Amino acid sequence: MIAGFYNIAWGLYSVLDPQWLFRFAHMPSINYPQIFACLGMVVGVYGVMYWEVARRPERSWLIAAVGMLGKVLGPIGLAQLILSHTWPVRSIILCVTNDFIWWIPFAIYLRDAWPLFVADLRRVGE
């Protein structure tokens, strides 16, 4: 439930102020802030999906797994940008606030919900 509220709030803030990351990281403002606002909308939609995970934890392993995949792939992409000196190190706040803080809770849920997911798959296959 917390992940849902958090993602919706983070997404809404990014829609309302799509230049926040660039100001924080001392980067030039982007010419098309609508692109970052769109990222905010996607993050907000994930928040709605995380509410579904909280509502039906026994049936939501796949939703959380897709969320976790994004929380792993996003930092990989940002690391490439930082290591190539395309984006400054301060831009890591993007992953700190939207990815890293969720790794442990998501990993615990995914581990705990795995047996239920597998059992559900077996039922469907019968």
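Accessible areas here come from the Shrake-Rupley method with a 1.4 Å probe, and for residues only the protein chains shown count as cover. On that basis the protein chain exposes about 7900 Å², with carbon and sulfur atoms supplying 73% of it. The model is a predicted one, so local features need pLDDT of at least 70 and side-chain atom pairs count only at pLDDT 80 or more, while totals for chains, interfaces and linings use all residues. Residues are numbered from 1 along each chain as its sequence is written, and side-chain values use heavy atoms, with hydrogens and water left out.

Now for the overall layout. The protein chain has six helices and zero strands, where helices (H or I, at least four residues) and strands (E, at least two) are DSSP runs numbered from the N terminus. Read from the N terminus on, the elements go α-α-α-α-α-α. Along its principal axes, the C-alpha trace spans about 55 × 30 × 20 Å. Of the 126 residues, 37% count as buried; buried means under 20% relative accessible area, exposed means over 50%, and partly exposed is in between (1.4 Å probe, protein chains only). As for contacts (heavy atoms within 4.5 Å), residues 24 or more positions apart account for 67% of those with a separation of 6 or more.

The surface carries a nonpolar patch. Its members are Leu69, Val72, Leu73, Ile76, Val89, Ile92, Val96, Phe100, Ile101, Trp103, Ile104 and Ile108, and together they have about 1000 Å² of accessible area. To join a patch, a residue needs over 30% relative accessible area and no salt bridge; like charges are joined within 9 Å and nonpolar side chains (Val, Leu, Ile, Met, Phe, Trp, Tyr) within 5 Å. Helices α4 (61–83) and α6 (103–125) each supply at least two residues of the patch, and the largest share, four residues, comes from α4. Val96, one of the patch members, is found in helix α5 (residues 93–98) and counts as partly exposed because its relative accessibility is 34%.

Aromatic rings pair up in 15 places in the structure. Rings of Phe, Tyr and Trp (its six-membered ring) pair if their centres lie within 6.5 Å; planes under 30 degrees apart count as stacked, over 60 as edge-to-face and the rest as tilted. Take Phe5 and Trp51: the ring centres are 5.2 Å apart and the planes sit at 70°, so this pair is edge-to-face. The pair links distant parts of the chain, with Phe5 in helix α1 (residues 2–16) and Trp51 in helix α3, 46 residues apart. Phe5 is exposed, at a relative accessible area of 52%, whereas Trp51 is partly exposed at 30%. Elsewhere, Trp10, Tyr13, Trp20, Phe22, Phe36 and Trp87 make up one aromatic cluster.

Leaving aside neighbours within four places in sequence, Ile30 is in contact with Gln19, Phe22 and Phe36. Ile30 lies in the loop between α2 (20–24) and α3 (33–55) and counts as partly exposed because its relative accessibility is 24%. The C-alpha atoms of Ile30 and Pro18 are separated by 8.9 Å, with the two residues 12 apart along the chain.

The loop between α2 and α3 also holds His26, whose phi is near 55°, a positive value in a residue other than glycine. Most residues other than glycine have a negative phi. His85, likewise not a glycine, has a positive phi of about 65° and is placed in the loop between α4 and α5. His26 counts as exposed at 62% relative accessibility, and His85 counts as exposed at 70%.

Finally, the cysteines. The structure holds zero disulfides, a disulfide being a pair of cysteine sulfur atoms within 2.5 Å. For Cys38, the closest cysteine sulfur is that of Cys95, 17 Å away and so too far for a bond. Cys38 is partly exposed, with a relative accessible area of 39%, whereas Cys95 is buried at 2%.

Notes:
Salt bridge = Lys/Arg side-chain N within 4 Å of Asp/Glu carboxyl O.
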